[in-house]
Every structure is written in C-alpha cells, then in structure tokens.
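Hi everyone, thanks for making time. Let me put the model on the screen and walk you through it.

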Amino acid sequence: MTETLLSLSDISKQFDDKTVLDELSLTIDDGEFITLLGPSGCGKTTLLRMMAGFELPDQGTVTLSGVDITQTPPENRPLNTVFQNYALFPHMSVFDNVAYGLKMEKRPKAEIQERVEEALAMVQLEDFAKRKPHQLSGGQQQRVAIARAVVKRPKMLLLDEPLSALDYKLRRTMQVELKRLQRELGITFVFVTHDQEEALSMSDRIVVLKDGRIQQLGTPREVYERPANVFTARFVGQTNFFPGRVTKIEGERISVDVFGLNRDLSKPSFRVAMNQSLHVLLRPEDIRVLAPNDTEGVAGKIVERNYKGSTLDSVIELEDGSHVMASEFFDEDDPAFDYSIGERVRVSWVDGWEWLLAEEGDEPLTDEEELAADDAEH
Amino acid sequence: MRWLSRSYLALVYLLLYVPIVVLIVFSFNDSRTGYNWGGFSLRWYESLFNNHAMVQAMWNSLWLALTAATVSTCIGALTALALHRYRFRGKKVLNGMLFVVMMSPEIVLAISLLGLFLLLGLKLGYVSLLLAHVTFCLPFVVITVMARLSGFDERLPEAARDLGASDFTMTRTVLIPVIMPALMAGWLLGFTLSMDDVVVSTFVSGPSYEILPLRIYSMVRVGLKPEVNALGTLLLVFSLVMLMLSQWILSRSKQ
C-alpha cells in the first residue's frame with residue numbers, strides 16, 4: 001500500500017575533503033513521519049538540504065515519485081522546508097510571509113487570501129496576520145514558518161531541527177501539534193533532530209546517522225529495543241553494557257556468562273562462537289534492584305539515587321567497579337523499594353529483556369559523541 | 001572639580017558651535033561688513049538667488065551628488081554582494097583595494113584621476129567629475145552594505161528559493177528590501193561626500209561644469225562676501241535635514 005515518495009541512492013558528498021555523506025541510500029514512503037537522528041556533524045542536515053535542493057550530491061541520484069530531481073533547483077521542487085531559525089522574512093507581515101509561496105505560483109488574489117487564512121487558522125494564528133515576525137514569540141514564529149511551508153501543499157515537508165530554539169515545555173506542545181498536523185495534512189514529514197526523545201515520540205521510522213552513514217533504520221521501537229550496533233544503543237536512550245562470554249551453544253539457545261551469572265538466552269541474529277565476548281545490553285528500566293539476601297543477581301551497592309517523580313533512578317556499583325543504571329517505577333507499597341546510598345543490594349533482570357550485540361573492536365564513544373548524546377538527553 | 005569639568009565642557013561646545021552660530025546670525029545681517037550688526041535682513045539670500053552662476057553651480061552640484069551617489073550605490077551594492085556571497089580568485093585583493101582607495105590621500109587620488117582622464121583624452125566636465133566622485137564614494141558604500149550583510153540570515157534567500165522564487169525574484173523581493181536601510185545609508189553617505197568634495201573636484205572639473213564647493217572657494221578667495229554666510233546656512237540646514245532623514249531610516253529599520 002505504501003508508495004515510495006522520495007529515494008536517495010548512493011549519495012556521497014564532501015566538503016573540503018571531509019566526507020559528509022558516504023554512499024548513502026534511503027527511501028521515504030508517502031505519508032510517513034521519518035526522522036533523521038544523529039549527533040552534530042553526522043550529515044543529517046546535509047541530507048535534508050540535498051532533498052530540498054540546496055546542496056548537490058557529488059555522486060548519486062535523488063528521485064521524487066520516480067522522477068530524477070538530482071539537478072533540479074529548489075524553486076522547482078514540490079517540497080518545502082521549515083528552517084531551524086524559522087527564516088521568516090523580517091520586512092513582511094505574517095500574512096505576506098505565508099502568502100509568499102502562493103504569490104510565486106501567481107495564484108489569483110482571492111485564492112491566496114483564502115488559503116493563507118486557512119493555513120493561519122491551522123496553526124491558530126488567524127489574529128496575527130498583520131503582525132511583523134519580530135512582534136511574535138518564538139513559538140508563534142515557528143507556527144508561521146510551518147504555515148508558510150504547508151500553504152503550498154507540498155508533497156513533503158522538510159523540518160530542520162525546528163524545535164531546537166524553543167524551551168522544553170513549548171517543545172512538547174509543538175511536538176504534539178506537529179504530529180496532529182501531519183495526520184491532518186497527510187503530508188510526508190522528514191524531521192531532523194539530535195534529540196532522541198523527540199525522535200522516539202514523533203516518528204514512524206527513525207534513521208540513525210553517524211559519519212554520513214546509516215547506522216540503523218527502523219521504527220522507534222526497533223531502534224530502542226533492538227539497536228543494530230553499539231553506537232545506536234548508546235545514542236538512543238541510556239543503556240547498560242554488560243560484558244558477556246558465550247559458554248554453551250545449543251540449537252537456538254546459548255548460555256552467556258555475565259558477572260559470573262550463567263544466563264540462558266535465545267541465540268542472536270549474528271554468528272556466535274564458543275567463548276566469544278559480546279555485549280549484553282539492558283535498559284535502566286529492565287534492571288531489577290533486589291534485597292541483599294536475595295539468591296538471584298549480582299551483588300553491589302547503591303552509589304546514586306535520583307528521585308524523578310514517576311521513577312526512581314539509581315546507580316549501583318558492582319564489586320568489579322562497573323556501574324549499573326537502574327530506573328524503577330514508584331511503588332509505595334513496597335517497603336524494600338527505598339534503598340539509601342551505600343546500601344548493599346543485588347542487581348538482576350528478567351530473562352528475555354536483554355539484547356545482545358557483537359563486540360565491534362571495542363570502540364568507545366569519542367568525547368564529542370558523548371557530549372552529543374548527553375545533549376540529546378536533556 | 002565639578003565646576004571645572006562643566007566649564008571645560010562648555011568651552012568645547014562653545015568652540016564647536018560659536019562659528020556656526022555666528023555664520024547663521026550674520027547671514028541675516030543687513031550690514032555689508034562682517035563684524036557689525038546692521039539689522040535683520042534677507043538681502044543676502046535674495047542676492048544669492050539672483051546670482052545666476054551661483055544657482056547654476058548649486059544645481060550642478062546637486063545633480064552630480066545625486067548621480068554619483070546613485071551610481072556608486074548600485075556598483076557598491078553589487079560589489080558587496082559578490083564579496084559576501086561568492087568565493088572567487090582575487091577576492092582578498094579586491095577587498096584590500098577598497099581600503100586603499102579609502103585610505104589614500106585625496107590629493108594622490110585627484111592627481112592620478114586627472115592623469116588618467118588626460119591620458120584617455122576625456123574632456124573635463126560632468127563625466128570626469130562623475131567618474132571621480134563614484135570612485136571615492138564606492139568604498140564607503142561597499143563597507144556600509146557589507147556591514148549589513150554580515151548580519152544577514154543566510155536562510156532567508158534559501159527560504160525564498162524553497163517557496164518557489166527564482167534567484168532574481170528572491171533578490172528583488174527579499175534581499176534588496178532587507179538590505180534597503182544599508183543601501184539608503186550608503187547612498188546618503190555618497191551624496192554628502194560628493195556634495196562637499198573640493199580637492200578631487202578641483203583637479204577633474206572643467207569650465208563647462210562648475211560646482212558649488214569650487215564656486216564658494218573661488219568667491220572666498222576674492223574676499224568674504226556675506227552671500228557666503230547665507231549659502232553656508234542653507235547648506236547647514238540641508239545637511240541637518242539629510243542627517244535626520246538617515247537617522248530616521250536607521251531607527252525605523254531597527255524595529
């Protein structure tokens with residue numbers, strides 16, 4: 001049922017000898033909300049600008065509904081962009097800003113009037129038509145930018161980190177609003193962000209990018225629960241990486257030694273060999289914190305406790321010195337729940353909630369990526 | 001201490017403005033000699049406007065300033081845009097050359113222009129004046145426009161293109177309106193520079209086209225006539241109006 005709207009094949013782009021996009025291929029379906037997610041410098045903005053026509057690929061082709069548009073200038077592409085800092089024309093009123101695209105199409109005056117009003121109503125700014133952009137708040141300017149981009153009824157809307165300049169609360173509201181708009185208009189949205197939370201909550205599919213290559217392409221759930229590699233696992237959400245070693249392979253089951261515990265797991269999709277080292281990934285919310293006299297789990301002690309309202313986040317130091325992040329839902333009836341710092345506990349998880357990844361020559365995150373990931377979490 | 005600083009300030013303003021005030025007052029003086037008050041009169045204004053050569057020189061100057069400012073604004077704006085938008089060979093040299101023209105002594109510019117015009121066999125008159133004035137106005141316009149462009153949001157032209165505007169339409173509907181205050185400021189700067197230039201004009205003007213600053217200069221050489229006071233007052237009022245106009249444009253664009 002889904003049709004391919006835009007496809008990029010073998011796109012490469014270099015800026016001053018630095019490879020920004022590396023033989024990247026991607027197809028975008030009609031009507032989907034797809035997010036390009038990655039740290040700064042991963043090529044996501046360049047990719048978006050290539051769809052809009054502001055950058056030309058060094059090699060590769062861009063096709064829209066089967067037509068090659070690689071060399072088509074931006075003004076002739078039926079796509080519109082919402083820019084990061086809105087890029088509203090400062091010398092025009094809100095009405096004229098929104099009407100600009102229709103005037104370029106030489107539409108009759110009555111039609112322009114009607115469609116601009118309709119677009120402004122859609123973003124709840126009917127009463128602001130006569131204002132100048134500088135008389136509006138950041139959120140209102142954002143809405144004008146969206147109205148200006150959708151008034152031409154593009155086949156696709158490209159959004160370049162449109163919410164990054166807004167404060168947290170407003171960003172939340174706009175996220176919901178954008179989703180609603182996308183549903184109502186039925187337009188394909190390509191959304192660029194470095195905020196993994198935003199990507200997870202809004203998208204139909206997420207493209208995780210790093211160094212100009214796609215790391216993973218999948219639904220938010222796939223990306224979060226079954227990350228394709230160490231980078232994706234670290235960039236999207238918080239993850240505990242436990243060192244594991246294969247001790248037994250038997251049909252579709254394998255046994256893995258984690259912190260001296262022997263866990264019986266289902267075989268991962270990649271090839272495993274006896275005594276192979278691998279990562280056992282567990283999200284903080286998959287971790288169970290147990291009483292010290294419990295028979296299950298690994299011993300450790302609480303070193304950090306963070307009350308988050310609906311959850312209680314803690315960091316547990318294991319005997320070998322490694323740290324485990326745990327996030328538990330509040331349960332006031334559970335007396336054992338409230339551990340204090342320094343208290344001895346045991347750490348475990350429910351079998352089947354873990355995710356296995358092969359070791360990748362053990363590449364630690366560079367400082368920059370660490371920062372980007374931190375940034376994305378806040 | 002306070003008394004001292006206040007009187008110092010008063011002295012500074014006195015030295016600055018007393019000559020101007022004297023000029024204005026004596027432009028309405030009925031007496032022929034410049035140092036005693038003979039009652040209020042507009043006779044010097046009258047004789048100024050009856051002086052055909054003077055009025056002609058005024059119109060010549062206005063026309064020259066108008067055209068020189070307009071031509072240099074057009075060329076200057078395009079130069080600034082090129083320097084801002086594109087990367088090309090010799091960009092740094094071009095940029096540096098602008099400053100060379102701006103910093104070099106006027107007399108050097110005047111002599112070299114005169115040499116050039118003679119070499120080309122150009123008759124000295126309106127055209128030579130115009131070329132010379134455009135030359136020395138140009139760097140000021142370029143710098144004014146470049147300053148505005150440096151704060152220009154690069155996404156604006158892209159947004160216009162994205163919405164279906166061709167490069168030309170984008171320039172007409174977005175780029176020029178946004179940098180308009182800088183264009184006007186550059187134009188006004190060029191206009192004033194051209195209006196009161198003496199040094200370069202002395203060298204490159206011919207008998208066929210007399211301009212105001214040179215006319216005044218030759219008048220004063222013979223002896224200070226009260227007509228000059230009247231002319232000075234008129235020019236002062238004119239500059240003040242221009243100054244207020246430019247301030248008004250700038251304050252409006254800042255909104």
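Reading along the sequence, chain B runs α-α-α-α-α-α-α-α-α-α-α. That makes eleven helices and zero strands, where helices are DSSP runs of H or I with at least four residues, strands are runs of E with at least two, and numbering starts at the N terminus.

A word on the source: this is a predicted model, with local features needing pLDDT of at least 70 and side-chain atom pairs pLDDT 80 or more, while totals for chains, interfaces and linings use all residues. Residues count from 1 along each chain as written, chains are lettered from A and ligands numbered from 1 in written order, and side-chain values use heavy atoms, leaving out hydrogens and water.

Back to chain B: its C-alpha trace spans about 70 × 60 × 35 Å along the principal axes. Of its 255 residues, 38% are buried, meaning under 20% relative accessible area with a 1.4 Å probe, protein chains only.

So which residues touch the most other members of the largest nonpolar core? They are A:Leu26 and A:Met51, in a core of 56 residues. Such a core joins buried Ala, Val, Leu, Ile, Met, Phe, Trp, Tyr and Cys through side-chain atoms within 4.5 Å. Helix α8 of chain B, residues 167-195, gives the largest share, six residues. A second, separate core has 37 residues, including A:Phe189 and A:Met202.

Finally, chain A: the unreviewed UniProt entry puts "domain: ABC transporter" at residues 6-236, an annotation that may be inferred rather than shown by experiment. That stretch is 36% helix and 27% strand.

Definitions and conventions
Buried means under 20% relative accessible area, exposed over 50%, partly exposed in between (1.4 Å probe, protein chains only).
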